[in-house]
Amino acid sequence: MPFSLPPSRINRLLGVALVGALMGWAAPAAVAAESVEAANENTGLRPDTLIPLEIGQARIRPVTVDLTAMPDDLWERIRNGFSMNDLSDDLVLHYQQWYLNRPDMLRRMVERSRPYLFHIVEELEARGMPSELALLPMVESSFDPMAYSRAHAAGLWQFIPATGKRFDLQQNWWQDERRDVVASTNAALDYLQSIYDLHGDWHLALASYNWGEGAVKRAVGKNEARGLPTDYASLKMPNETRHYVPKLQALKNIFGNPALVASLNLPRIANSPYFTTLEMPQPIDVKTAARLANVSLDEFRQLNPAHNRPILKADTEVALPTDKIDTFNRNLSAYQAPLSQWQTYTVTRPERVDQIASRIGASTAELIQANGLPGNVRLGIGSRLLVPGDGDPDSLQRLFGADGSPIIIQPESRLRVIQKGGRAPGKTADHKAAAPAAKKKPASKKKH
C-alpha cells in the first residue's frame, strides 16, 4: 500500500522543514511525532522499529568574520559579539517556534529597540560583555521603556524600586531613572557583571537577574550539599526563571541567523548612534524642547521616558536624535520667547484642584497630570503646584523643597493629633505626588 499524507499535513511538515533548513535544526518533537503517527497509519510500521528523531539545538553556521571591519548592520555586529555558551533543550525549541509563529511581534520589538540598541551594544563592548545581553530587554520588556509590572518593575531592564535605589537610579517627583535608557542600561550591566563575578557563569547570572542572586546562591548550595551539578539546567527554580534563559537563547538563535532574519523581514538597524545626550542649562518645557529639535513630542518622550513632568528643570540631561543636535542648538540660540510656560502657585486656603483650576483658567486634568496628583484632591495651605503661566524662573524656584520635590500638602481628615490642652486639630501630612502610572506589562515575580 503506497505511503500518503493528507495535503494539509504535508503543507504543515513542509513549513516546518523550511524553517528548520534556515535554522539548521530538526523538526520539533510534536511535528515529528505527527509524521511518525501518519506513517504508522499508512504503512503498518510498528513503533518499536522506528528510529527516534534527535532534536538538536539551533546552530549558526560558521562564517569568516573580519573583526577589524565595522559592519553597517547592527545585527551583524551583535552576532560577531556572541560569546555565551549555548543552551539546548526542549524549552529553547519551544520558544524558537513561539517567536517564529509571531513575526509581527518580532518586528514591533525590533522597531521599538531601534533608538536604544546601538547604545546598549556600545556599552556591552566597552565592558567586554557578551553581546547576547543586548537582546535581554526583549525578554524583560519587549523593548518598551514604559513597561511596568505588578511587582512595580519599570523600564527596559525592569528594575524594582529597591534594586533601582541600590544602583543609584533616582526615583522622585521629577523623574524615574529606571526608565532612563542611559542610566538604567549602566545599572543593568553593572548588576549583570556583579552577579556573573559571583557565579562565574552567565546562565546563573541571568537566573539571578530574574530570581535574585540570593535565591540562586541558595539553590546552588543545596545542589552542592547533595553532590549534584550546579549548572543552570540542574537547579530547582521557579517556572518563570526556568523559562527565562531559554527565551533569550531562542532570540539569539533567531537573530543569529542572517538568512532567517531576512526571511522574516525583520527591520535592519544601522550601526550608528541614534541619540546624543546634552544638558539643559535652564528650565525648559518638554514641548518647547521637542519643537526646537524639530522632532515630534512622541519621539522626544520615546528618547526621554524617565521624565514625569511637562517641564525639565535646569541642569537636566536630555537625549535627542543625533542628526537633530545641530538643529536644536541653532534654534535654541535664535529663540527669544520664554523656554517655559509654567510657574508656581501657592495655595492660600484649603481647596480642591478643580477650584484652583477654575480660578486660574486651567484644566483640572492638566493640573492633575502635570503635578502627578492621584485625583481631584483637597490641598492644604502652603501647597505649591505647577500651573500654566509665564515661566518666571524665580517663581519656579520657589516651587521646590529641599529635596527638589514640590511642596504639596494634602489634609488627612481621618488622622488627628491630640495636643496639650485637649485640642484635637486635624492633622496635616506632607504628601509627595507619585509619578503617573506607566504602561503595564504582564505580571512578574521580579527580584531585581
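Q: Contact means heavy atoms within 4.5 Å. Leaving out residues up to four places away in sequence, which residues does Phe255 touch?
A: The structure is a predicted model in which local features need pLDDT of at least 70 and side-chain atom pairs count only at pLDDT 80 or more, while totals for chains, interfaces and linings use all residues. Residues are numbered from 1 along each chain as its sequence is written, and side-chain values use heavy atoms, without hydrogens or water. With residues up to four places away set aside, the residues touched by Phe255 are Trp75, Arg79, Leu106, Val110, Leu135, Met138, Val261 and Leu266.

Q: How much confidence does the predictor have in the protein chain, as a mean pLDDT?
A: pLDDT is the predictor's confidence in each residue, from 0 to 100. In this protein chain, 72% of the residues reach 70 or more. The mean pLDDT of the chain is 81.

Q: How many helices and strands does the protein chain have?
A: Helices (H or I, at least four residues) and strands (E, at least two) are DSSP runs, numbered from the N terminus. Counted this way, the protein chain has 18 helices and 10 strands.

Q: What percentage of the residues in the protein chain is buried?
A: Buried means under 20% relative accessible area, exposed over 50%, and partly exposed in between (1.4 Å probe, protein chains only). The protein chain has 448 residues. Of these, the buried share is 46%.

Q: What share of the contacts with a separation of 6 or more joins residues 24 or more positions apart?
A: The count covers contacts in the protein chain with a separation of 6 or more. Among these, the share from residues 24 or more positions apart is 69%.

Q: Is Ile269 buried or exposed?
A: Ile269 is found in the loop between α12 (258-263) and β1 (275-280). Beyond four places in sequence, Ile269 touches Asp72, Asp73, Leu74, Trp75, Val110, Ser113, Arg114 and Leu117. Leu117 is 152 residues from Ile269 in sequence, while their C-alpha atoms are 8.5 Å apart in space. Because the relative accessible area of Ile269 is 2%, this residue is buried.

Q: Which residues are in contact with Pro273, neighbours within four places in sequence aside?
A: Pro273 also lies in the loop between α12 and β1, and at 46% relative accessibility Pro273 counts as partly exposed. Beyond the neighbours within four places in sequence, Pro273 is in contact with Phe118 and Thr322.

Q: What is the phi of Gln158?
A: Gln158 lies in the loop between α6 (136-140) and α7 (161-166), and it counts as buried because its relative accessibility is 0%. Most residues other than glycine have a negative phi. Gln158 has a positive phi, near 55°.

Q: Is Asp315 buried or exposed?
A: Asp315 is found in the loop between β3 (311-312) and β4 (316-321). Asp315 is not a glycine, yet its phi is positive, about 65°. Because its relative accessible area is 54%, Asp315 is exposed.
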